[in-house]
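Please look through this structure with me. My notes are below, as numbered points.

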Amino acid sequence: MGASISVNTLGFTEKLMIYAKTLNEKLDTNSIFSDETENFRIPTEPLTTDSVTIRIRTAKNNVDNVYLIYDGMKFEMEFESSKNSFDYFKYVIPPEEESKSYHFEIEKNGVSVYYTKLGVTDDLNPAWHFNLIRNFKTPDWAKGAVMYQIYVDRFYNGDKSNDVKTNEYIYLGKPATFVSDWNERPKTEDIRNFYGGDLQGVLDKLPYLKDLGVEVIYFNPIFVSPSNHKYDIQDYDYIDPHYGKIVKDGGSELVFEKFNNRHASMYVQRTTDKENLEASNEFFAKFVDEAHKNGIRVIIDGVFNHCGAFNKWLDREDFYGSTGNYPVGAYKSKDSVYHDYFKWYDNNWPNNDCYDSWWGFDNHPKLNYEASKDLYDYIMEIGKKWVSPPYNVDGWRLDVAADLGYSEEFNHKFWKDFRKAVKSANPEAIILAEHYGEASSWVRGGEWDTIMNYDAFMEPVSWFLTGMEKHSEDFKRELLGNADVFQDAMKYNMAKLSYQSIYTAMNELSNHDHSRFLTRTNMNVGRLHTKGSESADIGINFGIMKEAVTMQMTWPGSPTIYYGDEAGVTGWTDPDNRRTYPWGNENKELIDYHKAIINVRKDKEVLKKGSVKIVYKDYGIISYGRFYKDDVMLVAVNNTGEEKELNIPVKNIELRSGDTLTRRIISTENDFSTENVRYEVILDSVKVTMPPFSSIILEKDK
């Protein structure tokens, strides 16, 4: 790789003092840029057999030397070419086995500055270095794909024969209830209320999703479970017949004199009879096939940290044992073949309630992988089963993934094995984890592909545009419109992830765990039990909502629409965020905006794989560019109640004077337009007029 050179350790402050004294031209730090996209690293996802070309950009004729600091060694970079206002330097790293990190040193007048993922900085903490991770490839189809999250029970009822019956069984002390009015809003205790949404309903609405521009469906859990959220799995091997097909019905609902789950014969038959289970699996396989024919991939939810108290391994309700067709559950007998699947604290058999559970919820028994190789191997097979024929799903979203074992060391081992199992069955399957906070140790190529992007998307966007915490439980005026905090949050949190993970990350505005983004635009703190559902609808701002959608559709990652967000659904956090899709009462203008902006991003490699750089910021205003090869898109958001005349500098997103751009879409508080309007770059800037609460996307003309 060439001779190494000792690293200049002159302090950052001292360097700036030297610059201030020099009479020569100053270093143009704003022009220095590099990242992990194909613009500056080829290949972006190298194998151990690949040579890797690393590039960096500086202002033209502005630096003396550029060095790559690779694995602690310093190598002089070669001048490659000049283009527009920039010089490009490169260094080729030969094939090697190990994954390593790098950053840059730029020298002028005998003084150096450093460039990491934070930009020009004096912070040389390795956490901010670029990561060259060998043999870590995430599926290309997932990079920038438009996803659509469906909470099945609340999307559409396509098959009324599989609806949960009122009093069909008891869940957490109260009877399951069928809600006959589709438009009725969730109650505070919502977990046992069912509206009848099912997979047939999603199948019926595939034309709607295709027309919207959806490329991937992400399902909340669809396996057998007694709750409407289904995060307490009863049987990992089968789709819940209440979502699938009930071909063998019978038994009865509970009646007053026999109001106990021992008599829930209808529920037992529906959820344990193999004819219903196999029919539901067969229907799901056909559903996935039909989705694929419509160009839509499918991701399912894997809840492997815990199961449910109704689960056939524990069988607290004796649903399985009562049939005589299943082994006795661990709750009933210490001699159960499933005994080691759980962690026990006492010997209170039969009916032993002393088992470990997730966060103390006894309906969520924690699975004890450390004690049972059978359980460990079983879940590995489940991981493979659903991404293989005949089901062929396209990946897993992993619930509370970092909580899985009793130690972080064990968790890493588990997810490494899980990755091997899933990828051996379907190399193109995505492994996407729910995770809050620091995730870098999990996304280094051997475990998860990526994460639900709270830290580097949902939270910074929510704070900037609404001043609201993602549950609507806090409002911070000092964060509303604070472009500096937004930029720093994005920069620092994106720096913790590699290219492979950032560009496949699930960028959501809302989901089943947090308030609806449209409700956050009212900037009111509340919950269903404190404010009531109607207050979630008051004072909302559709202009802010459209600004958020614009950012969602143009920021690196996979924009993920929570069902109904596109139709104007509001709601406080769980359970109010789980309102039904408002068929027949949709906000047509908002749906049309989603269609239009998805159409703008369609087939745009620059939005799926391009670099991103913030080029202008002020209170309530952010403008950034996406650039990839010769393509450039400029995005601006005005999150104030005033019209703004902006003069946006665009040189650093590789536009120059004389270039022209065409407006692809503009949104305002009350409407939007896709009328083409031409803009010209004059003196390296673009002048745009931004109405109150508006957003705009411009595209460079070829």
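1. **Ground rules.** This is a predicted model: local features need pLDDT of at least 70, side-chain atom pairs count only at pLDDT 80 or more, and totals for chains, interfaces and linings use all residues. Residues are numbered from 1 along each chain as its sequence is written, and side-chain values use heavy atoms, with hydrogens and water left out.

2. Strands here are DSSP runs of E with at least two residues; helices are runs of H or I with at least four residues; both are numbered from the N terminus. Two strands pair if DSSP finds at least two bridges between them. In general, strands of a sheet pair through backbone hydrogen bonds, either parallel or antiparallel.

3. Look at strand 21 (residues 430–433). Strand 21 pairs with strand 22 in the parallel sense, over 2 bridges. Within this pair, Leu432 stands opposite Thr450 of strand 22.

4. **Strand 3.** Why is strand 3 (residues 65–70) described as largely enclosed? Because 5 of its 6 residues are buried. Buried means under 20% relative accessible area, exposed means over 50%, and partly exposed is in between (1.4 Å probe, protein chains only). Strand 3 runs antiparallel to strand 7 (residues 100–108), and 6 bridges join them. Leu68 has Phe104 of strand 7 as its bridge partner.

5. **The hairpin.** Strand 3 also pairs with strand 4 (residues 73–76), antiparallel, over 4 bridges. Ile69 has its bridge partner, Lys74, in strand 4. The two strands form a hairpin with 2 residues between them. In the turn, Asp71 has a positive phi of about 55°.

6. **Helix 4.** Is helix 4 (residues 265–272) mostly covered or mostly uncovered? Mostly covered: 6 of its 8 residues are buried. Among them are Met266, Tyr267 and Arg270. The buried residues of helix 4 pack against strand 17 (223–224) and helix 5 (274–293). Contact means heavy atoms within 4.5 Å.

7. **Val202.** Val202 sits in helix 2 (residues 199–204). Its relative accessibility is 0%, so Val202 counts as buried. Beyond four places in sequence, its contacts include Ile150, Phe155, Ile217 and Phe287. Val202 and Ile217 are 15 residues apart along the chain, and their C-alpha atoms are separated by 9.8 Å.

8. **Asp576.** Where is Asp576? Asp576 is in the loop between strand 24 and helix 14 (588–601). Asp576 is buried, at a relative accessible area of 0%. Its side chain makes a polar contact with the side chain of Arg579, at 2.8 Å. A polar contact is a pair of N or O atoms within 3.5 Å; within protein, one must be able to donate a hydrogen and the other to accept it, and residues adjacent in sequence count only if both atoms are side-chain atoms.

9. **Asn305.** Asn305 lies in the loop between strand 19 (297–302) and helix 6 (373–385). At 1% relative accessibility, Asn305 is buried. Its side chain makes polar contacts with the side chain of His306 (2.8 Å) and with that of Lys366 (2.6 Å).

10. **Aromatic pairs.** How many aromatic pairs does a search of the whole structure find? It finds 59. Rings of Phe, Tyr and Trp (its six-membered ring) pair if their centres lie within 6.5 Å; planes under 30 degrees apart count as stacked, over 60 as edge-to-face and the rest as tilted. One of the pairs is Phe33 with Phe40, edge-to-face, at 5.4 Å centre to centre and 65° between the planes. Both residues are buried.
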